[in-house]
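Dear colleague,

I am passing on the structure below, followed by my notes on it. Please read the notes with the coordinates open beside them.

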Amino acid sequence: MTDHMPRVKKETKNKIRVEFERTSLKERLKKKFLSATFFKDVVWYIFRLLLLIGIAFVVLQPFYTMITQSFMAAKDFADPTVAKVPRQFSVDIYRAVITDLHYLGVFFSTLGLSLACAILQTASACLVGYGLAKFKFRGNKLVFFAVILTLVIPHGTLQAAIFHRFHNFDILGIFTFLSGGAKTGIAGIDKILAGIKVLNFPEGISMRNTVWPLIVLSIFALAFKNGLYIFLMRQFFRGVPDELEESAYLDGANTLRTFVQVIIPLSVPMMITIFLFAFCWQWTDDFYLKLFHPTEQPNLMYNLIPTRIDQVASLTTQYTQYARSDAGYMKAVQYGAGMLACTPLIILYLFCQRHLVQGIERSGIIG
């Protein structure tokens, strides 16, 4: 305690305690609960409580509706007295989605694609983010500006360009050069073209109705959401002390070895965060999949939700008998499919939420 601050003497403390003990309980309660400060605190507490309850209701009410209606039996949809809470709990909807819509096959297909894209995007974001954070080169800020620009450009703006690029995939113009050489009569080009008919010259390789565009975008960190991943990794790597790298260089380690043995172990929480973001977004992605699959829809999670009741054969009889004119029954089937689609993400978050919070805290974008 500094000298200019007043000191409370022991005698003063004893005097205050004696006066408090002599005051009656009624007077003490009156001063505590009938003061303006107490009423102000009570009003503020009630206001915050009602505000939080209202926000929680707005957020949770759709999920409550999805869960309760997905467990309703077909008879409940024909019963006008049943609104939100099912009278007869049933798992017929979930059983039908798993069997008729081949949920397990859709699950493993989506799992494989999401894991591949998430791992590749995490690795590419680490490399690009580390280069932007730790290496000084001409055009560093320009490259980072281009990364940030990918976060603000609307998806639909580049949709046609991306589709054309992968519909006629011609990296570095190699296929166009070979096709031009064949037309001008360069020796040997005709034999090369004849041996690679699958390339479909002169347009290039067509990647329509395949997952290869997603793999290519993930490898080279060119997808729309990769800009966010690179930004997060750059912010994290900027917080890593340069002395750690300098110590590794003094011990004889090169740049790659320093990155693998020193930087990567430190960035595991941030990498897990990026992996979770990439995995969850890819799990229910429909922009790229609809873009690259214009004619053949893949057997992935975003196609799991049915649009017609006859797609769920085991429920068609119940629908016809109890709820022919009730659109709520079809909506309940969609709710059940949606819950099954979201369940793996909920389970993943429950196990990885600690790493997710740590990664956000260490990214440097908050606090």
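Which residues are buried in helix 15? Taking buried as under 20% relative accessible area, exposed as over 50% and partly exposed as in between (1.4 Å probe, protein chains only), the buried residues there are Pro269, Met270, Thr273, Ile274, Leu276, Ala278, Phe279, Gln282 and Trp283.

Before going further, please note that this is a predicted model, in which local features need pLDDT of at least 70 and side-chain atom pairs count only at pLDDT 80 or more, while totals for chains, interfaces and linings use all residues. Residues are numbered from 1 along each chain as its sequence is written, and side-chain values use heavy atoms, with hydrogens and water left out.

Helix 15 covers residues 268–283, helices being DSSP runs of H or I with at least four residues, numbered from the N terminus. Its 16 residues reach 22 Å from the first C-alpha to the last, close to the 22 Å expected at 1.5 Å a residue, where the expected span is 1.5 Å times one less than the number of residues. Gln282, which belongs to this helix, counts as buried because its relative accessible area is 9%. Setting aside neighbours within four places in sequence, Gln282 is in contact (heavy atoms within 4.5 Å) with Leu113, Ser114, Cys117 and Leu214.

Turning to the interior, a nonpolar core is here a set of buried Ala, Val, Leu, Ile, Met, Phe, Trp, Tyr and Cys residues joined through side-chain atoms within 4.5 Å. The largest has 51 residues, of which Val97, Met233, Phe237, Met301, Leu304, Leu315 and Tyr329 touch the most other members. Apart from this core lies another, of 19 residues, including Cys117, Phe166, Phe169 and Ile215.

Two residues other than glycine have a positive phi. His102, with phi near 55°, sits in the loop between helix 5 (92–100) and helix 6 (103–134), and is exposed because its relative accessible area is 53%. Ala221, also with phi near 55°, lies in the loop between helix 11 (212–219) and helix 12 (226–238), but counts as buried because its relative accessibility is 11%.

Finally, there is the surface. Trp44, in helix 3 (residues 36–70), is partly exposed because its relative accessibility is 47%. Trp44 is one of the residues, together with Phe47, Leu51, Ile55, Phe57, Val58, Val59, Leu60, Phe63 and Ile67, that make a nonpolar surface patch of about 1,000 Å². Patches consist of residues with over 30% relative accessible area and no salt bridge, like charges being joined within 9 Å and nonpolar side chains (Val, Leu, Ile, Met, Phe, Trp, Tyr) within 5 Å; a salt bridge is a side-chain nitrogen of Lys or Arg within 4 Å of a carboxyl oxygen of Asp or Glu. Accessible areas come from the Shrake-Rupley method with a 1.4 Å probe, and for residues only the protein chains shown count as cover.

With best regards
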